[in-house]
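Subject: Structure handover

Hello,

Here is the structure I promised to pass on. Please open it first, then read my notes below.

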Amino acid sequence: MSHALNLWRQDLGEVPDTVWQQTELRVLVLADNGLTALPRDIARLRHLNTLDLGHNALTSVPDELAELTELNGCLYLHDNQLSRIPDSLGNLKRLRYLNVGENALTHLAETLGGMTGLIELRAQHNRLTTLPDTIGRLRCLRELWLRGNAIVRLPASVSDLRELRHLDLRENALTEVPQPLAGLPRLRQIDLRGNRLRHLPDWLVLLPSLEKLDLRWNAIDPSLPLLSRLERRGCVVLT
């Protein structure tokens with residue numbers, strides 16, 4: 001018996017009942033099927049480690065999703081019509097990759113901080129203005145993708161993301177480079193394109209691992225000495 005079921009782009013409209021009988025499944029792909037609802041029966045698939053619900057028309061997902069505590073791979077919820085995700089998803093402590101991009105989320109729940117296994121979080125193209133204060137508990141997080149929101153600030157706890165390598169803040173509403181990024185030891189790439197920046201903090205040159213800083217489509221003077229200092233130490237700076 002196969003432990004993976006790929007129903008990608010099958011025009012299902014709804015999930016067949018036979019899926020819930022396959023309780024040994026490890027991987028379930030239901031992407032791009034025009035789904036408008038996910039039954040609570042999803043809780044029967046307790047051995048899932050990867051679940052793909054992307055590219056559907058879901059307006060909500062049930063709390064029972066949080067009962068899939070063996071999810072230790074990927075959970076794809078991107079490109080739906082979600083205005084919120086259940087607080088209970090914080091129970092997915094082993095999940096490594098979460099994509100909730102291309103939805104209508106105005107906030108992420110404080111319980112997000114419970115997902116301590118996350119290595120990559122994608123929440124691009126939503127309506128976020130900030131992140132939950134508990135984001136700093138994601139001590140394993142390496143990539144954070146937030147393009148196309150309305151973010152005006154990052155919480156102070158971002159300074160605890162000591163494993164963060166890649167940060168995408170393109171097309172937000174930042175008027176300054178977020179202070180909590182100062183001192184992050186492994187941060188290699190920061191994408192700040194299309195914000196409202198006019199000034200840069202001196203601490204940028206002190207980021208020990210910074211390799212690329214993208215400042216295009218901001219009101220930044222490209223002749224700033226700080227930018228030259230970054231380039232001299234090998235950082236690619238785009239203005």
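Start with C74. The closest cysteine sulfur to the sulfur of C74 belongs to C140, and the gap is 15 Å, too far for a bond. A disulfide is a covalent bond between the sulfur atoms of two cysteines. To count as one here, the two sulfur atoms must be within 2.5 Å. How many disulfides does the whole structure hold? The search finds zero.

Is C74 buried or exposed? C74 is buried, at 18% relative accessible area. The cut-off for buried is under 20%. C235 is buried too, with a relative accessibility of 4%.

Keep in mind that this is a predicted model.

Now the overall fold. What order do they come in along the sequence? The pattern reads β-β-β-β-β-β-β-β-β-β-α-β. Along the principal axes, the C-alpha atoms fill a box of roughly 65 × 30 × 25 Å.

Next, burial and contacts. Of the 239 residues, 53% count as buried. Take the contacts between residues at least 6 apart in sequence: 29% of them join residues at least 24 apart.

Then the surface and the charges. The accessible surface of the chain is about 11,100 Å². Carbon and sulfur atoms account for 45% of that surface.

- H55 is not a glycine, yet its phi is positive, at about 60 degrees. Find H55 in the loop between β3 (50–52) and β4 (74–76). H55 is partly exposed, with a relative accessible area of 37%.
- W217 is not a glycine either, and its phi is about 65 degrees, also positive. W217 sits in the loop between β10 (212–214) and α1 (225–232). Is W217 buried or exposed? W217 is exposed, with a relative accessible area of 54%.

One last pointer for your viewer. C74 falls within β4 (74–76), the strand that ends the H55 loop.

Best wishes

Key: Residues are numbered from 1 along each chain as its sequence is written. This is a predicted model: local features need pLDDT of at least 70, side-chain atom pairs count only at pLDDT 80 or more; totals for chains, interfaces and linings use all residues. Side-chain values use heavy atoms; hydrogens and water are left out. Helices (H or I, at least four residues) and strands (E, at least two) are DSSP runs, numbered from the N terminus. Buried means under 20% relative accessible area, exposed over 50%, partly exposed in between (1.4 Å probe, protein chains only). Contact means heavy atoms within 4.5 Å. Accessible areas come from the Shrake-Rupley method with a 1.4 Å probe; for residues, only the protein chains shown count as cover.
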